[in-house]
Amino acid sequence: ALILGASVFMTGQVWAAKMVKDPSTGKMIKAPQYGGKLVIAALSDEPPHADTWWGVTSMWAISPVLEKLGMVDWAVDRDEWDLKSGFTPLEVVKPHLAESYETPDPLTFVFHLRPGIRWHDKAPMNGRELVAEDIVFNYHRMTGLGSGFSEKSPYATNVSELPFESITAPDKYTVVFKLKKVSFDALDFIYFESHEAAWIYPPEVIKEHGNAQDWRNLVGTGPYMLTDWTEGSSITWDKNPDYWKDDEKFP
């Protein structure tokens with residue numbers, strides 16, 4: 001749902017904005033009103049397709065549809081971090097598709113997925129649950145390290161150049177990334193920072209079509225579904241009625 005403005009209520013003949021407490025800051029603000037439409041001005045650099053394996057230019061088109069293991073905490077107090085920088089510190093990132101993570105040693109990163117997250121109810125995913133093998137498939141695809149992939153993405157260098165030893169799923173909700181040597185950027189790149197590799201694409205779509213370039217085939221776990229892409233004119237997303245997540249500030 002989009003936060004579009006302040007809701008109002010009527011007391012006698014006087015209209016007043018309803019005030020509510022922001023649970024993340026403790027401050028009183030105007031209550032959000034959900035629903036409606038958000039229109040974004042056309043960009044000159046329209047993405048050529050919907051698959052980041054072939055380049056980062058499609059990121060803004062697919063970001064409402066696909067998700068990552070971690071994401072910026074939008075409820076963070078803007079006095080603490082204003083979200084205006086291209087750099088994002090790990091302290092303001094929170095688990096998203098991942099419920100939690102741990103680093104038992106400098107070479108190992110273990111992510112525990114949030115149970116019950118489902119892909120959009122659209123073929124060929126048909127609303128099935130997101131599982132650890134989906135994450136492994138995506139990182140194998142970007143790095144060329146398995147799941148039938150031997151060629152790494154030439155664009156997803158942040159992740160594909162990491163010194164991986166293995167990427168595995170020991171159980172349905174656990175993904176383990178192991179490195180051959182220490183890399184100080186590894187956690188950030190795997191978790192959320194790689195603009196090409198961190199998005200989780202639908203494996204069945206890749207297996208069926210070879211890639212996810214055609215927007216008509218794109219299926220995700222995100223809050224919106226890509227429903228129209230008129231080249232040179234518009235891109236349209238519709239609300240995912242079965243989205244798993246609550247609003248950070250007003251659940």
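**Salt bridges, rings and a hairpin**

Q: Which residue forms a salt bridge with Arg 128 in this predicted model?
A: A salt bridge needs a side-chain nitrogen of Lys or Arg within 4 Å of a carboxyl oxygen of Asp or Glu. For Arg 128, the closest N and O atoms of the pair are 2.7 Å apart, and the partner is Asp 134.

Q: What pLDDT do local features need here?
A: Residues are numbered from 1 along each chain as its sequence is written, and side-chain values use heavy atoms, with hydrogens and water left out. The model is predicted: totals for chains, interfaces and linings use all residues, side-chain atom pairs count only at pLDDT 80 or more, and local features need pLDDT of at least 70.

Q: Is Asp 134 buried or exposed?
A: Buried means under 20% relative accessible area, exposed means over 50%, and partly exposed lies in between (1.4 Å probe, protein chains only). Arg 128, at 24%, counts as partly exposed. Asp 134 has a relative accessible area of 3%, so it is buried.

Q: Which residue is linked with Arg 128 and Asp 134 in a network of salt bridges?
A: A search of the whole structure finds eight salt bridges. Some of the residues involved form a network, in which Arg 128 and Asp 134 are linked with Glu 204.

Q: How many residues apart in sequence are the parts tied together by Arg 141 and Asp 51?
A: The side chains of Arg 141 and Asp 51 meet in a salt bridge, at 2.6 Å from N to O. Arg 141 lies in helix α2 (residues 132-143) and Asp 51 in the loop between β6 (32-34) and α1 (59-62), so the distance in sequence between the parts is 90 residues. Helices (H or I, at least four residues) and strands (E, at least two) are DSSP runs, numbered from the N terminus.

Q: In which strand does Lys 94 lie?
A: Lys 94 forms a salt bridge with Asp 73, and their closest N and O atoms are 3.6 Å apart. Asp 73 lies in the loop between β7 (70-72) and β8, and Lys 94 in residues 93-95, which are strand β8.

Q: What is the angle between the planes of Tyr 191 and Phe 192?
A: Rings of Phe, Tyr and Trp (its six-membered ring) pair if their centres lie within 6.5 Å; planes under 30 degrees apart count as stacked, over 60 as edge-to-face and the rest as tilted. The whole structure holds 10 aromatic pairs. One of them joins Tyr 191 and Phe 192, edge-to-face, with centres 6.0 Å apart and planes at 85°.

Q: How many residues of helix α4 are buried?
A: Tyr 191 and Phe 192 are both buried. In α4 the buried residues include Leu 187, Phe 189 and Ile 190. Helix α4 (residues 186-193) has eight residues and is mostly covered, the buried number being seven.

Q: Which residue of the hairpin of β13 and β14 takes a positive phi?
A: Two strands pair if DSSP finds at least two bridges between them. Six bridges join β13 (residues 224-230) to β14 (residues 234-239), and the two run antiparallel. Asp 228 stands opposite Thr 236 in β14. Three residues lie between the strands, and a positive phi near 75° is taken by Gly 232.
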